[in-house]
Amino acid sequence: MTDQIITGHTRLGCLLGTPVAHSISPMMHNEAFRLLGLDCVYLCFDTRHADLRNMVQTLKEMNVYGFNLTMPDKERILPFLDDLSPAARMIGAVNTVKNENGCLIGHNTDGIGYMRSLQDTGYNVKSGAMTLFGAGGAASSIAIQAALDGVPALHIINRRGRSWENAKRLVRQITENTDCHADLTDMADHDAVRNRIANSTLLANATSIGMAPDTNITPVPDLSCFHTELLVSDIIYNPRCTRLLQDAMATGCKTFNGMYMLLYQGAAAFRIWTGQDMPVEEIRRKFFS
Ligand code: NDP
């Protein structure tokens, strides 16, 4: 373990998106750099008023080691990258970019992070169907990773909104490229949603429903949808216990939140940038307990 001193050789990485000031990523990555003695720093840049194309070009010229993207830039970044990993191509969104000698390569570690946090609960991914609320950036990553990891059936649920066409594309991608059976349900069709959940052993909320400050809403307002065989997860981590998780716990379901997904997606990005394992146990103790 070394003290971190900024030198003339220190490499920069960052998080782009808006809002970003609340993010735990700078603490996580900077502490990992410090623990491993790597001469790198990680900062946050709010892109609300930025021209993303210019910003990315500037980062490239500054020879950053890489960067992360959060809402709303995970899809907006695609035209400005030189190449995509196979998984990021299927997902259609990027949360991690690596600068490989001037070529910006897009990856997506959100799904890896979710599946790793699921593994911590002892759940067997092959044991039953999954109901996934959402079809935005994070949901797409989870859907593809879950299918690649062997979830036998995936019920995607979204409103007929901005992400509906993406949800249809996801179902096609999964059907064509994996053994998982995927289908899509309109969130407004309450009977169909109830049937999908009844048929599942895992439920994940990957929408922003329930995220602060709108903490009193839930994607599953009908409590009779919960059953004791169901493991309920929410990828939201602010608040740590969403209305969805409170309702699920009250009806006897096991639950987990998005904190460890955040840790593990960061650890996967760290590995892409540095080739080294993030010391996750130290980071978990310091920032995630
Ligand atoms: P996106 O904007 O890409 O997607 C949001 C999704 O939520 C879309 O499917 C959207 O549907 C749906 N949605 C939003 N509001 C409503 C609503 N009122 N009713 C119904 N559906 C709604 O965001 P991300 O995928 O990047 O992030 C989603 C959530 O996941 C956020 O809360 C974020 O904080 C969290 N997250 C957590 C991570 C972790 O590591 N734990 C990592 C990444 C994200 P539509 O587009 O059709 O309107």
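The entries below follow the order in which I looked things up.

**Entry 1: ground rules**

I am working from a predicted model, where local features need pLDDT of at least 70, side-chain atom pairs count only at pLDDT 80 or more, and totals for chains, interfaces and linings use all residues. Residues are numbered from 1 along each chain as its sequence is written, and side-chain values use heavy atoms, with hydrogens and water left out.

**Entry 2: cis peptide bonds**

The peptide bond from T18 to P19 is cis, with omega near -5°. I found P19 in the loop between β1 (11-17) and α1 (25-36); for the element names, helices (H or I, at least four residues) and strands (E, at least two) are DSSP runs numbered from the N terminus.

M71 and P72 are also joined by a cis peptide bond, with omega about 0°. P72 sits in the loop between β3 (66-69) and α3 (73-76).

**Entry 3: positive phi**

Next I checked phi in residues other than glycine. N63 has a positive phi, near 60°, and lies in the loop between α2 (52-61) and β3. Its relative accessible area is 41%, so N63 is partly exposed. My terms here are buried for under 20% relative accessible area, exposed for over 50%, and partly exposed in between (1.4 Å probe, protein chains only).

N101 is not a glycine either, yet its phi is positive at about 50°. This residue is in the loop between β5 (96-100) and β6 (103-107). At a relative accessible area of 85%, N101 is exposed.

**Entry 4: two domains**

How is the chain divided? The assignment gives domain 1 (11-108 + 261-287) and domain 2 (111-257); such bounds come from an automatic or database domain assignment. Taken over C-alpha atoms, the centres of domain 1 and domain 2 are 25 Å apart.

I then looked at where the domains meet. Contact (heavy atoms within 4.5 Å) involves 17 residues of domain 1 and 22 residues of domain 2. The two domains bury about 1,500 Å² between them, 64% of it on carbon and sulfur atoms.

**Entry 5: polar links between the domains**

Between domain 1 and domain 2 I noted 4 residue pairs in polar contact (both at pLDDT 80 or more). A polar contact is a pair of N or O atoms within 3.5 Å; within protein, one must be able to donate a hydrogen and the other to accept it, and residues adjacent in sequence count only if both atoms are side-chain atoms.

On the side of domain 1 that touches domain 2, the elements giving two or more residues are α3, α4 (86-91), α10 (259-274) and α11 (280-287). Of these, α10 gives the most, with 5 residues.

**Entry 6: salt bridges**

My rule asks for a side-chain nitrogen of Lys or Arg within 4 Å of a carboxyl oxygen of Asp or Glu. By this rule the count comes to 15 salt bridges, and 1 salt bridge crosses the interface of domain 1 and domain 2. R284 pairs with D120, the closest N and O atoms being 3.9 Å apart.

D186 forms a salt bridge with R160, at 3.1 Å between the closest N and O atoms. This pair links distant parts of the chain, with D186 in strand β9 (residues 181-186) and R160 in the loop between β8 (153-158) and α7 (164-177), 26 residues apart. R160 is exposed, at 60% relative accessibility.

K168 and E165 also pair, with 3.3 Å between the closest N and O atoms. They are 3 residues apart in helix α7, so about one helical turn separates them. K168 is partly exposed at 34%, while E165 is exposed at 52%.

D183 and R196 meet in a salt bridge at 3.7 Å, N to O. D183 is in strand β9 and R196 in helix α8 (residues 190-198), 13 residues apart. Here D183 is buried at 13% relative accessibility, whereas R196 is partly exposed at 27%.

Terms used: Buried area is the accessible area (1.4 Å probe) that two parts lose on being put together, summed over both.
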